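Here is a short briefing on one protein chain. Keep the sequence and the model open while reading.

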Amino acid sequence: MPPRGKQANGLLTQQKMLRAAVALFLEKGYERTTTAEISSAAGMGQSSFFRAFPSKEALLLELVQRMFGGQFDLAEQHSGEEDPVFLYAVETALQLHIAELTEPLRELYVVGYSLPTTSTYIYRSTAKRLQKIFGAYLPDAEPKDFYEMEIASASMMRGFMAVPCDVYFTIEAKITRFLDCALKLYDVPKEKRVAITAAVLQMDLHTMATGIIQKTVQQAEKGFEALTEQ
C-alpha cells in the first residue's frame, strides 16, 4: 500500500532533499554544500530539511545506504564471474576509480569513510559479506574478526582515495597496491592476488565508474518521480 497523508509528504520531502543533495554534492562536494543550499535547490525552506533529516550527516547516511545497497550490481553484470573474491576486487577497484573522476566525488567518498555514522554503516554492512567472500581462506575467523579486518581495509580504502593520482601514482598503480594489501589481509594467496588484479585492470573501469554515478543520479530522480506520481 502506498504511503498516504503525512507519511507520503514526509517521504516526498526526503526525496526532494536527496535529489537536490546529490546534484550539489557532485558539483561542490559535501563540505561546501550547506543545508540551506540543499533546501533552496529542493524548492523548500530550511525548516523542511530538518523535518526530513536531523543533520546533513544523516542525509549522507541515507545516500550511502542507498549507494552501497545497489550501485555495485554493475560490477556483477560486467564481470561475468561468480568468484566472490573477484567481485570484491572489482567493487573496490570501482570505488577507487570513482574517487578519481572529480574532486567533489573524491571528497564525498572520503567523507563517507570518515564520518562516525557513515563509516560505522560501511564497516557493519561490509563485514557481513566478508565471511562469505573470504571464509574459505580464513576458516577459523569469527564474525568479529571480519568486522575488525573491515575496519582495517576500509581505512586503507580511505587513505588511497584521499591521495590523488598523478604521473607517478597512476590509477592502475593505486588499484594494484590496494588490492595486494587488502587481499593479503584476507589471506588470499599471492598467485591468486596477482591473477585477480591483472583481470581487474583489463576491465573498462572508467566507463563502469561513470555509469555507476549516472545510475546514482537516475535513482535519485526516479525516487522523486515515483513519489510525485502517487
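Predicted model: local features only at pLDDT ≥ 70, side-chain atom pairs only at ≥ 80, totals over all residues.

The chain has 12 helices and zero strands.

**Overall make-up**
- From the N terminus on, the elements run α-α-α-α-α-α-α-α-α-α-α-α.
- The chain has 230 residues, and buried residues make up 45% of them.
- Take the contacts between residues at least 6 apart in sequence: 71% of these join residues at least 24 apart.

**Aromatic pairs and a charge over a ring**
- The count of aromatic pairs is nine.
- One of them joins tyrosine 123 and tyrosine 147: the ring centres are 6.4 Å apart and the planes stand at 85 degrees, so the pair is edge-to-face. The angle cut-off for that class is over 60 degrees.
- Tyrosine 123 belongs to helix H8 (residues 116-134) and tyrosine 147 to helix H9 (residues 143-162), so their pair ties together parts 24 residues apart in sequence.
- Tyrosine 123 has 15% relative accessibility and counts as buried.
- Phenylalanine 160 and phenylalanine 178 form another pair, with ring centres 5.8 Å apart and planes at 85 degrees, so this pair is edge-to-face too.
- Here the link runs from helix H9, which holds phenylalanine 160, to helix H10 (residues 171-185), which holds phenylalanine 178; the pair therefore ties together parts 18 residues apart in sequence.
- Phenylalanine 160 counts as buried at 14% relative accessibility. Phenylalanine 178 counts as buried at 1%.
- A single aromatic cluster is formed by Phe49, Phe50 and Phe53.
- Lysine 56 places its charged end over the ring of tyrosine 30, at 4.2 Å from the ring centre.

- Helix H6 (residues 84-98) has 15 residues. From first C-alpha to last it reaches 21 Å, close to the 21 Å expected at 1.5 Å a residue.
- Of the 15 residues of H6, 14 are buried, so the rest of the structure largely encloses this helix.
- Aspartate 83 caps the N-terminal end of H6. One of its side-chain oxygens lies 3.0 Å from the backbone nitrogen of valine 85.
- The largest nonpolar core has 65 residues. Phe25, Leu60, Tyr88, Phe134 and Val200 have the most contacts inside it.
- H6 gives the most to this core, with nine residues.
- In soluble globular proteins, nonpolar side chains tend to be buried together.
- Phenylalanine 134 contacts Val85, Tyr88, Phe146, Leu183, Tyr186 and Val188, with neighbours within four places in sequence left aside.

**Threonine 118**
- Which helix holds threonine 118? Threonine 118 is found in helix H8.
- Its relative accessible area is 0%, so threonine 118 is buried.
- The side chain of threonine 118 reaches the backbone oxygen of leucine 115, at 3.3 Å.
- Beyond four places in sequence, threonine 118 touches Leu60, Leu61, Val64, Val111 and Gly112.
- Leu60, one of these partners, is also among the residues with the most contacts inside the largest nonpolar core.

Technical notes
Residues numbered from 1 in each chain as written. Heavy atoms only, no water. Phe/Tyr/Trp six-rings, centres within 6.5 Å; stacked < 30°, edge-to-face > 60°. Helix = DSSP H or I, 4+ residues; strand = E, 2+ residues; numbered from the N terminus. Buried < 20%, exposed > 50% of the residue type's maximum accessible area, 1.4 Å probe, protein only. Lys NZ or Arg CZ within 6 Å of the ring centre and 35° of its normal. Expected span 1.5 Å × (residues − 1). Polar contact = N/O pair within 3.5 Å; in protein donor to acceptor, adjacent residues only side chain to side chain. Contact = heavy atoms within 4.5 Å. Core = buried A, V, L, I, M, F, W, Y, C linked by side-chain atoms within 4.5 Å.
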